[in-house]
Amino acid sequence: MKKDTNKEQMALTPEEILTRFMTEQQMRKTPERYAILNVVMNMDGHNSADQILEMMPDDFHVSRGSVYNTLHLLVECGLVFTHQIQGVTLYEKAYGISQHHHYICNGCNKIWDLYDTQIEQVASKVRTPRFKKIRCTTYIYGLCNLCQAKLARMKKKQEKEMKANMTREEIRFARIDEELAKAAEWFK
Ligand SMILES: [Zn+2]
Ligand SMILES: [Zn+2]
């Protein structure tokens with residue numbers, strides 16, 4: 001997207017951007033589409049289509065299908081970004097949001113925003129022959145502190161269960177093995 005187009009987009013409200021897009025595409029301007037837009041513009045973070053459907057006001061009956069269609073429309077007119085997390089599409093508003101990156105926990109699939117201009121600086125220097133860059137988005141995958149603790153608990157439990165099934169001789173040898181591993185650190 002060109003810089004001036006971006007400025008022009010920002011001068012318009014999300015409703016105006018959607019209206020203009022639907023007029024150009026000769027689409028029906030249904031109240032459902034504006035209601036979905038309103039929910040998306042007021043939501044925080046990154047949500048699935050089903051989560052967005054749940055956020056719809058109770059007196060407003062929209063089908064799952066029209067939520068999907070409208071989200072697709074919002075992506076097309078640049079009001080919404082999508083993220084693919086373990087096969088699930090998450091939506092995030094793009095309007096009035098500054099450029100950012102994400103880090104994601106492989107354990108619980110939680111996603112965090114990451115604001116770091118160094119990433120853009122590096123990306124702008126990366127050569128992409130015969131290719132014009134539009135934007136750069138980075139995902140860092142890992143394990144959050146809660147999932148790290150969960151993993152440690154599971155490992156401990158596994159070890160305990162393994163020990164419970166061990167014979168006396170096996171336990172003795174496991175201990176010797178531990179001692180040997182420690183000794184290896186000292187006698188490098
Ligand atoms: Zn996690
Ligand atoms: Zn984000």
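Let me start with two helices: the axes of helix α2, residues 14-24, and helix α3 come within 11 Å and cross at roughly 140°. α2 and α3 are therefore oblique to each other. A word on the source before going on: what we have here is a predicted model.

Why describe the pair that way? Two packed helices are described by the angle between their axes and the distance between the axes.

The crossing of α2 and α3 is right-handed. On the α2 side, the residues that meet α3 are Pro14, Glu15 and Leu18. Their partners in α3 are Arg33, Tyr34, Leu37 and Met41. Sorted by class, this contact has five nonpolar residues, two charged ones and no polar ones.

While we are in α2, look at Ile17, which is found in this helix. Is Ile17 buried or exposed? The cut-off for buried is 20 or more other C-beta atoms within 10 Å. Ile17 has 20 C-beta neighbours inside 10 Å, so Ile17 counts as buried. Ile17 also makes a point about sequence and space. Ile17 and Cys77 are 60 residues apart in sequence, but from C-alpha to C-alpha the separation is 7.3 Å.

Next, the other helix pair. Helix α3 covers residues 31-42 and helix α5 covers residues 64-76. Their axes come within 10 Å and cross at roughly 70°. That makes α3 roughly perpendicular to α5. The crossing of α3 and α5 is right-handed.

Which residues of α3 and α5 meet? From α3 there are Glu32, Arg33, Ile36, Leu37 and Val40. From α5 there are Ser66, Val67, Thr70, Leu73 and Leu74. This contact divides into six nonpolar, two polar and two charged residues. Note that Arg33 and Leu37 are among the α3 residues that meet α5, and they are also among those that meet α2.

Now to the strands. His83 has its place in strand β2, residues 80-85. Leaving aside neighbours within four places in sequence, His83 is in contact with His46, Leu90, Glu92, His102 and Ile111. Glu179 is another matter: His83 and Glu179 are 96 residues apart in sequence and 47 Å apart in space, C-alpha to C-alpha.

The protein chain is divided into domain 1, residues 3-146, and domain 2, residues 149-186. How far apart do the C-alpha centres of domain 1 and domain 2 lie? The answer is 47 Å.

Last, two loop residues with a backbone feature to check on the screen. Gln86 is found in the loop between β2 and β3, where β3 is 88-93. Gln86 is not a glycine, yet its phi is positive, about 50°. Because Gln86 has 7 C-beta neighbours inside 10 Å, this residue counts as exposed.

Asn109 is found in the loop between β4, 101-105, and β5, 111-114. The phi of Asn109 is near 65°, again a positive value in a residue other than glycine. Asn109 has 13 other C-beta atoms within 10 Å, so Asn109 is partly exposed.

To recap the helices: α2 and α3 are oblique to each other, whereas α3 is roughly perpendicular to α5.

Definitions and conventions: Residues numbered from 1 in each chain as written. Chains lettered and ligands numbered in written order. Predicted model: local features only at pLDDT ≥ 70, side-chain atom pairs only at ≥ 80, totals over all residues. Axes fitted to C-alpha atoms, helices over the stretch in contact; angles between N-to-C directions. Helix = DSSP H or I, 4+ residues; strand = E, 2+ residues; numbered from the N terminus. Parallel < 35°, antiparallel > 145°, perpendicular 65-115°, else oblique. Left-handed = near helix turned anticlockwise from the far one by under 90°. Contact = placed C-beta atoms within 7 Å. Nonpolar A, V, L, I, M, F, W, Y, C, P; charged D, E, K, R; others polar. Domains from an automatic or database assignment. Buried ≥ 20, exposed ≤ 12 C-beta atoms within 10 Å, placed from the backbone.
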